Amino acid sequence: MGIYKFIGLLVTLMSASIVEARPISWTGGSTIMYKSNSMMSSYYYHYSPSFKYSVGAEYINDRYYNDQYISIRSTYLLDRKNTKASQRNLYLTASISTKSNDDLYYGVHGDWETRRYFASFSILDKRASQKDYTENEFQIGIAPYLGEYNQLHTWIMLKSKEDTRDDKWKTYPFIKLFKGDFLLEVGSKESHWDLHFMKRF
Amino acid sequence: MYKIIILTTLFVSNNLYAMDNMHDHNSKQHDHNSHVAVDGSKTELDDAMYNKFVSDLGSSQVVIVDVNGMVCDFCARGIEKTFYDDALVKRVLVSLETGKVLIAYDNAKKVDFGEIKNIFLSNGQSATGMTLKKIT
C-alpha cells in the first residue's frame, strides 16, 4: 500500500485532466467512447485485463492544432476504498501518441461517489510537439433521485476545467445520464457543446 | 526524457499489476483452504425483494451477498455479466438500494464465498458477507 501512495504522490507532484467515468472496466470488460468539445473530438476503445488496469487506443481529431493522430493509453488503479455507502478511486494514466516522439501525457484522476453525490478531479500534463500544456478538471454532481438497478440514472453536474493554452478556468453545468450499459454526458460552454458517450460490453 | 517517464510508469504499473495478481492468487488459495468464515450477520433480507426473486425459481440455492462500493448502476454492470458466465447460475438480482446481490444457483453448484468475493473484486466492489438459503 505504501508504494501505491508514494507513486500517486509522486505523479501528483510532477504532473498536473480529463475526468472519465470509470477509466477501467470489470475484468475482461471493454468500453467504447466518443467525446467532443471545443478543442477536440475522439473515439476511444479500451480493454481491461484486470479491474486494476486498462489499455486502449484513441483516435483524436485535434481542433486546436487541426491535427489527427492515434494515442495509446494505459490506466492503472492505484487505490480503491469501498464502503457500504461510497466508493473512492485513484488512477494513474499515461499515453503515448503516434504523432511524434514528443507527444505524450501522464497524470492522475481521482473520484469519490455515493448514490447521491459525486466528486472528481483530474490532472493531465501534456507534452505536445507544438506546445506543452496542462489540463486540470474538477467535477461535482448530485443525483436528484436515487434510481434502482436497470433504471435511468440522472446526475446534475458542474465541471470546472482549465486548459493552459487558454490560460483560464471555465466552469459550466452538464447533465449525465446512464441506463444499462450506456452513458451520455451533455454540457455546453461558450456556445460549444461538450459531449461524451460511452458503452460498456 | 518524458518518454522515459511514461515507459517507466507503464513498466511500474505492469509490475504492480503482476504483484496484485500474485496476491489475489494467494488469497484464493487461502480462501479455499480455510473453508471461508462467512459473516452473514449483517445480511437483512427484504422479504418482498426475496419473494419476487425466488418465484418460479424451482429447487435452487439462493445466495444473498452484502456488497460494499456498489453505489453506481453503470459500475455494477459487470456483476450480472460475470455471474452469468457460470452455467450453474440461474438468476441474478442487483439491488443498489440495499447494497445486496441475490444469486440463484443450481443445486449442483458448490457455493464458495471465496469465489464470490473474487467475482465482486474483479468488478470493483467488495463482498462482505453472505447468507445461503435452500429453495425446495
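Student: What makes the pairing of Asp103(A) with Lys99(A) a salt bridge?

Tutor: In this predicted model, the closest N and O atoms of Asp103(A) and Lys99(A) are 3.4 Å apart. The cut-off is a Lys or Arg side-chain nitrogen within 4 Å of a carboxyl oxygen of Asp or Glu, so the pair counts as a salt bridge.

Student: Which class does Lys99(A) fall into, and why?

Tutor: The relative accessibility of Lys99(A) is 24%. Since the partly exposed class lies between the 20% limit for buried and the 50% limit for exposed, Lys99(A) is therefore placed among the partly exposed residues.

Student: What makes Asp194(A) and Lys159(A) a salt bridge?

Tutor: Their side chains meet with a distance of 3.6 Å from N to O, and the limit is 4 Å, so this pair also qualifies. The bridge links distant parts of the chain, with Asp194(A) in strand E12 (residues 192–200) of chain A and Lys159(A) in strand E9 (residues 153–163) of chain A, 35 residues apart.

Student: Why are Asp194(A) and Lys159(A) each placed in their accessibility class?

Tutor: Asp194(A) has a relative accessible area of 7% and Lys159(A) one of 8%. The buried class is under 20%, so Asp194(A) is buried, and Lys159(A) is buried as well.

Student: Which residues are linked with Lys159(A) and Asp194(A) in a network of salt bridges?

Tutor: The network also takes in Glu137(A) and Lys161(A). Over all chains, the structure holds 18 salt bridges.

Student: What makes Lys100(B) and Asp66(B) a salt bridge, and where in chain B do the two residues lie?

Tutor: The closest N and O atoms of Lys100(B) and Asp66(B) are 2.7 Å apart, which is within the 4 Å that the term requires. Lys100(B) belongs to strand E3 of chain B and Asp66(B) to strand E1 of chain B, 34 residues apart, and the pair thus links distant parts of the chain. Both Lys100(B) and Asp66(B) are buried.

Student: Which residue of chain A meets the side chain of Asp66(B) in a salt bridge?

Tutor: The partner is Lys84(A), at 3.4 Å from N to O. The count of salt bridges between chain B and chain A is 3. The contact takes 49 residues from chain A and 41 residues from chain B, and the two chains bury about 3900 Å² between them, with 62% of that area on carbon and sulfur atoms.

Student: What makes a residue such as Phe120(B) part of the largest nonpolar core?

Tutor: Membership requires a buried residue of a listed nonpolar type, Phe among them, joined through side-chain atoms within 4.5 Å. The core has 22 residues, and Phe120(B) is one of those with the most contacts inside it, along with Val65(B), Phe83(B), Val101(B) and Ile116(B). The elements giving two or more residues to the core are strand E1 (60–68), helix H3 (77–83), strand E2 (89–95), strand E3 (100–105), helix H4 (113–122) and strand E4 (126–135) of chain B, and H4(B) gives the most, with 4 residues. Leaving aside residues up to four places away in sequence, Phe120(B) touches Val65(B), Val67(B), Ile79(B), Phe83(B), Val101(B), Gln125(B) and Ala127(B). A second, separate core of 14 residues includes Met157(A), Leu183(A), Met198(A) and Phe74(B).

Student: Which class does Val55(A) fall into, and why?

Tutor: Val55(A), in strand E3 (residues 53–62) of chain A, has a relative accessibility of 33%. That value lies between 20% and 50%, so Val55(A) counts as partly exposed.

Technical notes
Residues are numbered from 1 along each chain as its sequence is written. Chains are lettered from A and ligands numbered from 1 in the order in which they are written. This is a predicted model: local features need pLDDT of at least 70, side-chain atom pairs count only at pLDDT 80 or more; totals for chains, interfaces and linings use all residues. Side-chain values use heavy atoms; hydrogens and water are left out. Buried means under 20% relative accessible area, exposed over 50%, partly exposed in between (1.4 Å probe, protein chains only). Contact means heavy atoms within 4.5 Å. Buried area is the accessible area (1.4 Å probe) that two parts lose on being put together, summed over both.
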